[in-house]
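Hi,

Here's the structure I promised to pass along.

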Amino acid sequence: MIEPYNKLVKLAARAFYDDLTSKGDNQPKTGRSDNRGIAVVVLDALTRRQWVREEDLAKDLKLHTKQLRRTLRFFEEEKIITRDHRRETAKGAKIYSAAVAATADATTGKEGEEKVKLHTHSYCCLDYAQIYDVVRYRLHRMKHKLKDELENKNTIQQYICPNCGKRYTAFDAPRLLSRNGEDFDCESCDGKLDVESDKLAAQEGGDGDGDENARRRRREKLKDMLQKMEVQLKPLIDQLGRVKDLPVPEFGSLQAWEARASAAGRAANGDNAGDSKSHLGYNGAPMPYSGDTKVVVDFNGTEGKGEGVKSETDSTSLKVLPPWMITSGMNLTKEQRGEVKQETKMDGTSTSTAAQYTDEKKSTIGHDDKNIQDEYIKAYYAALLKKQHELEEAAKNPQDANAADDPSSSTSIRKVGDKYKREEDDDGTEWEEAPARADAPAEDDEDDIDWEEG
Amino acid sequence: MFFHIVLERNMQLHPRYFGRNLRDNLVSKLMKDVEGTCSGRHGFVVAVTGIENIGKGLIRDGTGFVTFPVKYQCVVFRPFKGEILEAVVTMVNKMGFFAEAGPVQIFVSNHLIPDDMEFQSGDMPNYTTSDGSVKIQKDSEVRLKIIGTRVDATEIFCIGTIKDDFLGVINDPTTV
């Protein structure tokens, strides 16, 4: 569920921040040391991490801490990331490292001194909810500005004080009138106000053709800009549309995330502790450990139903109805019963029925599968599908509408291997229920899942 | 734009005005209070045209004043964005010019003045075209379009433009 959001972040970074440099203003910018676009790299790195310590990020990206902080500060002001600054001892930092190890594959080794010095550690994380809003607002303002300028007549003049930088609009004009009536004075510092020209299309001075042509040229330029903007930003706008209805990935505050991640990691991996680390433990804090199994794998292991399947395989065809929706007497096509699965992208696996069910549950978990399980499942279902086709050809009876819930047939189906044997047993019987049996495997998958998840 | 609407107001009257002319006194007090004022919601009250209804008076505790709720009809003026008005120029400076259309003041900034008009300072500052054919100075009449209004509780102020077609000077005071 986080992938579309990550894509949005990447598109936005390349669209708007690709000329950002992390050098300070008074540093010499030579051709060799120009690092424009580093902001894109930083954002991309953040899409692959959750909460991350800034020093760690700097080390990973091989950037100077100061430059990274400057960039991160800029993003914080743009409201794209959230930061948290904590005063911690080195031990506290270890808890964070353990939490990271639970969710990512980082092997951090912070075996350090045991001094009780309190350093300020800074952490940062992408703020997806705000990113969505910020990007939309930015696009809206861009369009608005160009459209206003295009109309050319109805822009309200802005004034700025050169001394104190205070801004005024033309609405404040009567208040600002100076005593001699000649110009506008700033209210706080009495400096003469400057007109702020916000015209995007630069005024062309000295056009002999008269202002008709100049005006037309400006309009052309603005229309051109507007059009180019729409074309170049189209992928970003599309991604915004896709992301609109999805729930926002939420990591919570730093503490909450840390606690959750280390607890989950600990649960998934038992207590094979990283010993040296655990010895320096805090009292009462979760024991840090190092393990490279991820939380996500756990769910896959217990369900054992091929997570690798993309859960969106069948959105184009008729929806497969889960068994609890199939009541007797419903006139459903084979597809809806989840029987015929030809067009899956995954090479003849009929796991789409399973996928339909586990859709909501699994989609948050990423693609961290054990490959062996995957291969086995694929092979098994391929064989199953072949068997189904043979059965359907053999069965001459019309499809029985009451094919659906056949609890008796499901009771014996627990283990994955057993199904295959049952199929061979039912080959010869030509009962009314033969079609039911023929349908059974597919349904039983769903029943099976039903049972396990029930 | 002008509107003819019914407004309501609570008028407080001192007992010295009670008697035969109570109603007349009330009406004249209303007119004195309300005409010329401005509310953000309705605009400037130009004139009271009639009294619709005067409610029963309520004697205030502690003082002898009596409060009458009065419903009256009046003409109000409220400028709107996009409206086109004629106005009289009151002040010209290099940032633009101020004009008045009745009770409302309008400011036209110099970037909304056509580009061929240049500011000329002097004892009579003005805006003039390059060939001198059109001049905007104090007391000229201009037609302008309102592009924004700022409405406070008791004050309305507008920004205008003369850059569109058919806008600009109507009447040159020097030729009058």
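Predicted model: local features only at pLDDT ≥ 70, side-chain atom pairs only at ≥ 80, totals over all residues.

On the interface: 22 residues of chain B touch 23 residues of chain A. Between them the two chains bury about 2,000 Å², and 58% of that is on carbon and sulfur atoms.

The rule finds one salt bridge across this interface. D172(A) pairs with R150(B) there, with 3.1 Å between the closest N and O atoms. There are also two residue pairs in polar contact across the interface of chain B and chain A, both at pLDDT 80 or more.

Which elements of chain B give two or more residues to the side that touches chain A? They are β6 (84-93), β8 (104-109), β12 (141-151) and β13 (156-161). β12(B) has the largest share, with five residues. Sorted by class, that side of chain B comes out at eight nonpolar, eight polar and six charged residues.

Now the helices, both in chain A. α1 (residues 3-16) packs against α2 (residues 38-47) at an angle of about 175°, and their axes are 9 Å apart. The angle is over 145 degrees, so α1(A) is roughly antiparallel to α2(A). From α1(A), the residues in contact are N6(A), V9(A), K10(A), A13(A) and R14(A); they meet V40(A), L43(A), D44(A) and T47(A) in α2(A). By class, the residues of this contact split into four nonpolar, two polar and three charged.

Cheers

Definitions and conventions. Residues numbered from 1 in each chain as written. Chains lettered and ligands numbered in written order. Heavy atoms only, no water. Contact = heavy atoms within 4.5 Å. Buried area = accessible area lost by both parts, 1.4 Å probe. Salt bridge = Lys/Arg side-chain N within 4 Å of Asp/Glu carboxyl O. Polar contact = N/O pair within 3.5 Å; in protein donor to acceptor, adjacent residues only side chain to side chain. Helix = DSSP H or I, 4+ residues; strand = E, 2+ residues; numbered from the N terminus. Nonpolar A, V, L, I, M, F, W, Y, C, P; charged D, E, K, R; others polar. Axes fitted to C-alpha atoms, helices over the stretch in contact; angles between N-to-C directions. Parallel < 35°, antiparallel > 145°, perpendicular 65-115°, else oblique.
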